[in-house]
Amino acid sequence: MTTEPDACAVAHGEVEEPPAERTLVAVFASPVARYLLRYAADLGYHAVLFEPDEARASDAPEGVEVRTTAPSPGADADVVVTDHHRPELGTVLQAALATPTRWVGVLGNPRHPGPHVEALRALGVADPDIARVHRPVGLNIGSRTPAEIAIATLAGLVADRNGRPGGFEF
């Protein structure tokens, strides 16, 4: 006998899923970060924007926690760097990797080398820690727009949290 609720009952709102404590930290204000944080809040994440540049920090959706100093994410947190061109990339990732963060990723085109690797090596970060950084991020759904990239990213995080491969494999 299974204790999982019937998927149809959940879809129709007849069974309430227990909320799981989880945090999503979007690093750097960007168009993708706006969608990512808005959708993450809808999925039950505590949504946090980390933007060290105070002038850019105001570009967060309503209800999102904004931090201009590095947060210390716990084991329930997923960290997604939404702009890999920022000069702070290495130091931000180094700080995230020094915490018990559940998952760390950097957005970027998988056909190009990730600039985070060189930035982390220059800071003396060990290869096993660098390997914890996921890139590409999200499911391969052919995302082109910031909203699509946010959906693919969150779908990948949900699949990973649930121990699933994502895609159409069941």
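Let's start at valine 66, which lies in strand β3 (residues 65-67). Strands here are DSSP runs of E with at least two residues, while helices are runs of H or I with at least four, and both are numbered from the N terminus. This is a predicted model, in which local features need pLDDT of at least 70 and side-chain atom pairs count only at pLDDT 80 or more, while totals for chains, interfaces and linings use all residues. Residues are numbered from 1 along each chain as its sequence is written, and side-chain values use heavy atoms, with hydrogens and water left out.

**Two residues to look up**

Buried means under 20% relative accessible area, exposed over 50%, and partly exposed in between (1.4 Å probe, protein chains only).

| Residue | Relative accessibility | Class |
|---|---|---|
| Valine 66 | 36% | partly exposed |
| Threonine 101 | 4% | buried |

Contact means heavy atoms within 4.5 Å. Not counting residues up to four places away in sequence, valine 66 touches Leu49, Ala57 and Ala60. Proline 52 is 14 residues from valine 66 along the chain, and their C-alpha atoms are separated by 9.8 Å.

Threonine 101 sits in the loop between α4 (89-97) and β5 (103-106). Leaving aside neighbours within four places in sequence, its contacts are Pro73, Gly74, Ala77, Val79, Ala96 and Arg132. A polar atom of the threonine 101 side chain lies 3.5 Å from the backbone oxygen of alanine 96.

**How two helices meet**

Now look at α4 and helix α5 (residues 115-122), which pack at an angle of about 75° with their axes 8 Å apart. Axes are lines fitted to C-alpha atoms, for helices over the stretch in contact, and angles run from 0 to 180 degrees between N-to-C directions. The two helices, α4 and α5, are therefore roughly perpendicular to each other, a label for angles of 65 to 115 degrees. On the α4 side, Leu89, Gly90, Leu93, Gln94 and Leu97 meet Pro115, His116, Ala119 and Leu120 of α5. By class, this contact has six nonpolar, three polar and no charged residues.

**The whole protein**

Stepping back, the protein has seven helices and six strands. From the N terminus on, the elements run α-β-α-β-α-β-β-α-β-α-α-β-α. Of the 170 residues in the protein, 38% are buried. Among contacts between residues at least 6 apart in sequence, 61% join residues at least 24 apart.

Conventions. A polar contact is a pair of N or O atoms within 3.5 Å; within protein, one must be able to donate a hydrogen and the other to accept it, and residues adjacent in sequence count only if both atoms are side-chain atoms. Angles under 35 degrees count as roughly parallel, over 145 as roughly antiparallel, 65 to 115 as roughly perpendicular and the rest as oblique. Ala, Val, Leu, Ile, Met, Phe, Trp, Tyr, Cys and Pro count as nonpolar, Asp, Glu, Lys and Arg as charged, and the others, Gly among them, as polar.
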